[in-house]
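Student: I would like to go through the terms used for this model one by one. For each, please set the value against the definition.

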Amino acid sequence: MAVKRKMKWQDYFPGCFKPEAPARGKKKPVAKQTSFPRISMSDFSSSTVLSEDLSISLAGSNLHVFTLQELKVITQNFSSSNFLGEGGFGPVHKGFVDDKLRPGLKAQPVAVKLLDLDGGQGHREWLTEVIFLGQLRHAHLVKLIGYCCEEEHRLLVYEYMPRGSLENQLFRRFSVSLPWPTRMKIALGAAKGLAFLHEAEKPVIYRDFKASNILLDSDYTAKLSDFGLAKDGPEGDDTHVSTRVMGTQGYAAPEYVMTGHLTAASDVYSFGVVLLELLTGRKSVDKTRPSREQNLAEWARALLKNPRKLGRVMDPRLEGQYSEAGAQKAAALAYQCLSHRPKLRPMMSEVIEVLEPLQDSDGNQIGTFVFVSTDSDSQREISSNGEKHKETKKENHRKPAAKSPKSPLTFAEMNSPLHHRMRRA
Ligand SMILES: Nc1ncnc2c1ncn2[C@@H]1O[C@H](COP(=O)(O)OP(=O)(O)OP(=O)(O)O)[C@@H](O)[C@H]1O
Ligand SMILES: [Mg+2]
């Protein structure tokens, strides 16, 4: 009988210990593309410390292992002119790869995310991202091309998304207002990404569904990014996964914030919040508004119940350029997703069924582009479950380079919006 050698952590992440470029002419993906069962996070130790016994396999993932030096070269030493933005993980820079870097590697722009070693996230979030995104491939999930793990440095290399995040497109000051059909296209694309995760053989709960994690391709195809908080769904007879409360204020489902019980329905609630953001053009949390309007879901739910009040909810920047019937259906869908009873929320497959016909309904022609101004928000702390979660996000002082052809560089692009992620207790 063949003896199966116990695989070590280094076997799967060789770049972490011997950072070296592969010999020219040799392809160096992690493993060959084969059919394989997805490895879940529970397959390895919950310790955040590097473990030699980490029995994980990324067979079939086809990820490239890059050296830090290579990523420095392709981003021009992480130059400010290549800076795209910054989240809780660290700064993101644009770069360019081609087959000179790795034979067979498609010539393409990439986004390189660098772990901020002084930030609130670390190896665990990086590993979660590599394990989930390395194995999950779908038209509505951003593609992970490779990673770098050298000493304490952790980087992720993604396909470049030319229109940046939905958050930037929807809320950026002086930005062009997204027309209604584009908003519905984004909602459908993001719903398809979430449905794929929920309906996978081993379901995944995304846990951080929000406008900043929805990235947009040149034709506004939406792709989900940021799997650092993703969780494997409940198995067997379990109805939920118990976790520490993490996610983002304003998007997290109330029952999850109260109990830490995570289900796919928590993601559906967050989807409802993003759908509301698309309908209203308002942020999930906006401290600059009167207190009863600051939490978008709480404010809008009461109005969504009554179709005659729809006009009060819809984004004025749409200037009425949307299908009334389509907007009614989208508003009713948002209301259902935001139900306080998780069981009453629809499945993501049902969400898709509702959104699909809204793509071509009357009045869905591209509307006028309008330049608008939105307010900036400020750093804050939130409290849930009696615990304080200080947001770890840094204000962004560098110049984002994600610039759509229709949106000239503005002052607002110098300061990408802040998000408010709840951290581990
Ligand atoms: N693949 C990509 N292509 C183009 N731009 C990207 C890509 N990934 C990230 N960005 C840009 O980098 C910025 C930071 O992204 P990141 O996911 O690190 O943080 P975030 O989503 O803004 O915040 P959070 O840490 O709360 O998720 C985003 O504003 C986005 O526009
Ligand atoms: Mg993000």
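Student: What makes strand 6 (residues 153-159) largely enclosed by the rest of the structure?

Tutor: Six of the seven residues of strand 6 are buried, so the strand is largely enclosed by the rest of the structure. Buried means under 20% relative accessible area, exposed over 50%, and partly exposed in between, with a 1.4 Å probe and protein chains only. Strands are DSSP runs of E with at least two residues, helices are runs of H or I with at least four, and both are numbered from the N terminus. This is a predicted model, in which local features need pLDDT of at least 70 and side-chain atom pairs count only at pLDDT 80 or more, while totals for chains, interfaces and linings use all residues. Residues are numbered from 1 along each chain as its sequence is written, chains are lettered from A and ligands numbered from 1 in the order in which they are written, and side-chain values use heavy atoms, with hydrogens and water left out.

Student: How do you know that strand 5 (residues 144-150) and strand 6 pair?

Tutor: Two strands pair if DSSP finds at least two bridges between them. Strand 5 and strand 6 have six bridges, in the antiparallel sense, and therefore meet the definition. Cys148 stands opposite Leu155 in strand 6. The hairpin of these strands has two residues between them, and Glu151 takes a positive phi near 50°.

Student: Which strand pairs with strand 6 over five bridges?

Tutor: Strand 4 does, again in the antiparallel sense. Ala111 stands opposite Tyr158 in strand 6, and Lys94 stands opposite Ala111 in strand 4. The latter belongs to the antiparallel pairing of strand 3 (residues 91-97) with strand 4 (residues 108-114), joined by six bridges.

Student: Why are strand 1 (64-65) and strand 2 (83-86) called edge strands?

Tutor: The open sheet has six strands in the order 1-5-6-4-3-2, with mixed pairing. Strand 1 and strand 2 are its edge strands: each pairs on one side only. For strand 2, three bridges join it to strand 3, running antiparallel, with Gly85 opposite Val92 in strand 3. The two strands form a hairpin with four residues between them, and Gly90 in the turn has a positive phi of about 155°.

Student: Why are helix 10 and helix 11 called roughly antiparallel?

Tutor: The axes of helix 10 (residues 324-337) and helix 11 (residues 348-355) cross at roughly 170° and come within 10 Å. Angles under 35 degrees count as roughly parallel, over 145 as roughly antiparallel, 65 to 115 as roughly perpendicular and the rest as oblique. Helix 10 and helix 11 are therefore roughly antiparallel to each other. Axes here are lines fitted to C-alpha atoms over the stretch in contact, with angles from 0 to 180 degrees between N-to-C directions.

Student: Which residues meet between these helices?

Tutor: Lys329, Leu333 and Cys337 in helix 10 meet Val351, Val354 and Leu355 in helix 11, where contact means heavy atoms within 4.5 Å.
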